[in-house]
Amino acid sequence: MVMKKSKVISVCIMIILAIIVIYFFLPIPLVKKEIWTETVQIFSIDEQLNEKDITDRITAKAVKEILKKYKTQRIMYEFAPYQRHEGDLEINFQDVDGEIYHIYLYADHKLNVMYHSGSWGHPILNAEKFYQELRGKVSDTL
């Protein structure tokens, strides 16, 4: 009788752990809600490691279309402080509920993260492709 109870408990624990792992590691959309187009800002990091505003070089609609293609995970990790590099891209925007998003794409692709505030963020899946697509849209004017 005790063996059956311990087997049942073990199976239940394994099922719960599997659900947790699946929940945190399954890809989810990078942006789940509609974006206010007037809040989209894009910055490129220049040679002196300063932000260069390149928002006017791509339409907010084009940014929204790119953002819809990419996913993240629910799991979070600590990423700050981080060192800026020439060519990095930062995207800031707000969704219709007022939630502020920051996406930081490293030129060397070592760290690519979406965060709301603080030093914890969500990893971006296929971030190198995301970076190349966004960079390609604005490269003619950089």
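**Notes on the fold and its packing**

1. Let's start with a helix: the buried residues of α2 pack against β2 (41-45), β6 (89-94), β7 (100-105) and α3 (127-138). Contact here means heavy atoms within 4.5 Å. Helices (H or I, at least four residues) and strands (E, at least two) are DSSP runs, numbered from the N terminus. The buried residues of α2 (60-69) include Ala-60, Val-63 and Leu-67; buried means under 20% relative accessible area (1.4 Å probe, protein chains only).

2. A word on the source: this is a predicted model, in which local features need pLDDT of at least 70, side-chain atom pairs count only at pLDDT 80 or more, and totals for chains, interfaces and linings use all residues. Residues are numbered from 1 along each chain as its sequence is written, and side-chain values use heavy atoms, leaving out hydrogens and water.

3. Now look at the open sheet, whose seven strands run in the order β3-β2-β6-β7-β8-β9-β5 with antiparallel pairing. At its edges stand β3 (51-53) and β5 (77-78), each with a single partner strand, so one side of each has no neighbour in the sheet. Two strands pair if DSSP finds at least two bridges between them; β2 and β6 have four.

4. Which residues have the most contacts inside the largest nonpolar core? They are Leu-30, Leu-67, Phe-93, Ile-103, Leu-105 and Phe-130, in a core of 26 residues. Here α2, β6, β7 and α3 each supply at least two residues. A nonpolar core is a set of buried Ala, Val, Leu, Ile, Met, Phe, Trp, Tyr and Cys residues joined through side-chain atoms within 4.5 Å.

Notes: Buried < 20%, exposed > 50% of the residue type's maximum accessible area, 1.4 Å probe, protein only.
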